[in-house]
Amino acid sequence: MRIWYGVNGEGMGHAMRSAEIMRWLRSQRHRVQGYAGGKANDYVRSVVPTTMIPHLHFVIREGKVRGVQTFLSNLVRVPWIVCSFGKR
């Protein structure tokens, strides 16, 4: 079976857990293609062929997620993200 597996690009927890699942899927002879953005892309790429995808992110200052800044930062990125998927 061919499986496309997307991973959240913010933080590494999702990437590490997903990498173990992808390794297991490959051990079961499935063809796995990863899709990840941000920091997760490099890690997932070490496990399966991976395509970099645009992603939303958190704005963190002094160890805290800043809600308004995160919203505004991602709001500006949404048109670019939507358009980039149309090109694939």
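These legends walk you through several close-up views of a predicted model. Residues are numbered from 1 along each chain as its sequence is written, and side-chain values use heavy atoms, with hydrogens and water left out. Because the model is predicted, local features need pLDDT of at least 70 and side-chain atom pairs count only at pLDDT 80 or more, while totals for chains, interfaces and linings use all residues.

**View 1. The largest nonpolar core has 13 residues.** Such a core is a set of buried Ala, Val, Leu, Ile, Met, Phe, Trp, Tyr and Cys residues joined through side-chain atoms within 4.5 Å; buried means under 20% relative accessible area, exposed over 50%, and partly exposed in between (1.4 Å probe, protein chains only). Look for Tyr5, Val7, Met22, Val32, Val44 and Val48, the members that touch the most others. At least two core residues come from each of strand E1 (2-7), H1, E2 and helix H2 (40-45), and H1 gives the largest share, four residues. Helices (H or I, at least four residues) and strands (E, at least two) are DSSP runs, numbered from the N terminus. In soluble globular proteins, nonpolar side chains tend to be buried together.

**View 2. Here are the contacts of Val44.** Leaving aside residues up to four places away in sequence, Val44 touches Val7, Ala15, Met22, Gly34, Ala36 and Thr50. Contact means heavy atoms within 4.5 Å.

**View 3. Asn74 is a buried residue of helix H3.** Its relative accessible area is 9%, so Asn74 counts as buried. The Asn74 side chain reaches the backbone oxygen of His57 at 2.6 Å. Not counting residues up to four places away in sequence, Asn74 touches Leu56 and His57.

**View 4. Val68, Phe71, Leu72 and Leu75 make a nonpolar surface patch.** The patch covers about 420 Å², with accessible areas taken from the Shrake-Rupley method with a 1.4 Å probe; for residues, only the protein chains shown count as cover. Phe71 sits in helix H3 (residues 67-86) and is exposed because its relative accessibility is 53%.

**View 5. Arg29 and Glu62 each have a positive phi.** Most residues other than glycine have a negative phi. Arg29, with phi near 75°, lies in the loop between helix H1 (13-27) and strand E2 (31-36). Glu62, with phi of about 55°, lies in the loop between strand E4 (60-61) and strand E5 (64-65). Arg29 counts as exposed at 75% relative accessibility, and Glu62 counts as exposed at 77%.

Methods. Patches are made of residues with over 30% relative accessible area and no salt bridge: like charges are joined within 9 Å, nonpolar side chains (Val, Leu, Ile, Met, Phe, Trp, Tyr) within 5 Å. A salt bridge is a side-chain nitrogen of Lys or Arg within 4 Å of a carboxyl oxygen of Asp or Glu. A polar contact is a pair of N or O atoms within 3.5 Å; within protein, one must be able to donate a hydrogen and the other to accept it, and residues adjacent in sequence count only if both atoms are side-chain atoms.
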